[in-house]
Amino acid sequence: MIDCIVVGIGGFIGAVCRYLIGMIPLKEGCTLVGICGGFTTFSSFALETERCIWRLFILYLVLRLAYWLYSQARELLERDKKIMSRRGYVPEDEQQFTGNQLELLQKAADEVQFLLDRGYAVKPVTTFIGNHYLFSERQRLALARSVSSKESIQKRTNKERLQTGTAYLPETVHIDGFNTIITLEVALSGSPVFYCRDGVLRDLAGLRGTYRVIDKTQTAIALLLKKLEFLHISKAVFYLDAPVSNSGRLSGRILQCAKGYKLSVQTRIIPDVDRVLEQMEGVISGDAIILNRCKSWLNVMPLVIGQNEHVWKIRL
């Protein structure tokens, strides 16, 4: 009897010591270490081993999940970087502006022209024609930007100072900064640009308050300045929209690039570029509303692109 008591005291002391060392919760300590340890060979060492295995398994799952999230995020960033380095690039353009789709767009452009010449507004016309041919939003946008009424085309042509062979060119040109630079970036990126029916070069890239400098930006600015210098323009003023992100950074790029050219270059970051340019002479822009309202303009962009074989040019 005394031997049993001694063994029990020893077991009690051992179980308490294991519990204190492992800091095992009270409930599990009582049931698993105390009771089970008293009747079987189960010990806190076995319990801790089991817990260690579960912890390692959970850690493995967490690490696997973290690695998967990292790889997915990295893939998305690389894809976004690739897209951003190609301004105006959309993979679906390869199907929507080639082959049979391009032929349908050219046919639809004639129908849009017919309706615009009879006084219909461009938005409902492109919606109606687009629904008829089941065009995508980008295809409808291409129609809206490419086609103008003959009256509007004639009005713009009468004010154009370069393509019409007018001897007089203004000494100072006023440039719609984001509009012209983005169009050149799109062209240099191999994304589609459209030779519109009013002779203006336009793109499908949108500017919704955000802009990011890409690897084509410097080249685009240089090409434009080089052509202006060739035309003996004395001064160029770039107007940039203040609400658009990175307008200050683009301004710095323009001024830095201008150091290699003879003409005087200025940049102005203002809240409403369109209203200012509408009052100017010697405007360079692809914006149809600005071209309708400005006093005179220069259709420089087709000359800047020239015969570059890498530019994806589309005529509708």
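I began with the largest pocket, which has a volume of about 880 Å³. A pocket here is an open set of points on a 1 Å grid over the protein atoms alone, where a 1.4 Å probe fits, with protein on both sides within 12 Å along at least five of seven lines. Lining residues have an atom within 4 Å of a point. The volume is the space filled by probe spheres set on the points, which are joined across faces, edges and corners.

Of the 29 lining residues, I noted those closest to the pocket centre: Arg-145, Asn-179, Gly-286, Asp-287 and Ala-288. Two or more lining residues come from each of α7, α8, α9 (177-188), β3 (201-203) and α13 (288-293). I listed α9 as the element that gives the most, with four residues. I sorted the lining by class and got twelve nonpolar, nine polar and eight charged residues. In that sorting Ala, Val, Leu, Ile, Met, Phe, Trp, Tyr, Cys and Pro are nonpolar, Asp, Glu, Lys and Arg are charged, and the others, Gly among them, are polar.

**Basis.** The model is predicted, so local features need pLDDT of at least 70 and side-chain atom pairs pLDDT 80 or more, while totals for chains, interfaces and linings use all residues. Residues are numbered from 1 along each chain as its sequence is written, and side-chain values use heavy atoms, with hydrogens and water left out.

**Whole chain.** I counted 14 helices and seven strands in the protein chain; these are DSSP runs numbered from the N terminus, helices being H or I of at least four residues and strands E of at least two. Of the 316 residues, 39% are buried (under 20% relative accessible area, 1.4 Å probe, protein chains only). Among contacts (heavy atoms within 4.5 Å) with a separation of 6 or more, 73% join residues 24 or more positions apart.

**Cores.** The largest nonpolar core has 40 residues, and Leu-228 and Phe-238 have the most contacts inside it. Such a core is a set of buried Ala, Val, Leu, Ile, Met, Phe, Trp, Tyr and Cys residues joined through side-chain atoms within 4.5 Å. At least two of its residues come from each of β1 (172-176), α9, β2 (192-195), α10 (217-230), β4 (235-241), α11 (247-258) and α14 (301-305). Another core lies apart from it, with 20 residues that include Val-125, Tyr-133, Ala-142 and Leu-316. Beyond four places in sequence, I found Leu-228 in contact with Val-173, Ile-175, Ile-233, Ala-236, Leu-263 and Ile-284.

**His-174.** I placed His-174 in strand β1, and it is buried at 13% relative accessibility. Its side chain makes a polar contact with the side chain of Tyr-239 (2.9 Å). A polar contact is a pair of N or O atoms within 3.5 Å; within protein, one must be able to donate a hydrogen and the other to accept it, and residues adjacent in sequence count only if both atoms are side-chain atoms.

**Ser-148.** Ser-148 sits in the loop between α7 (137-146) and α8 (150-159) and is buried at 9%. I found a polar contact from its side chain to that of Arg-156 (3.0 Å). Contacts beyond four places in sequence include Gln-113, Leu-116 and Asp-198.

**Gly-130.** Gly-130 is in helix α6 (residues 122-133) and is buried at 0% relative accessibility. Beyond four places in sequence it touches Phe-135 and Arg-140.

How values were computed: Buried < 20%, exposed > 50% of the residue type's maximum accessible area, 1.4 Å probe, protein only.
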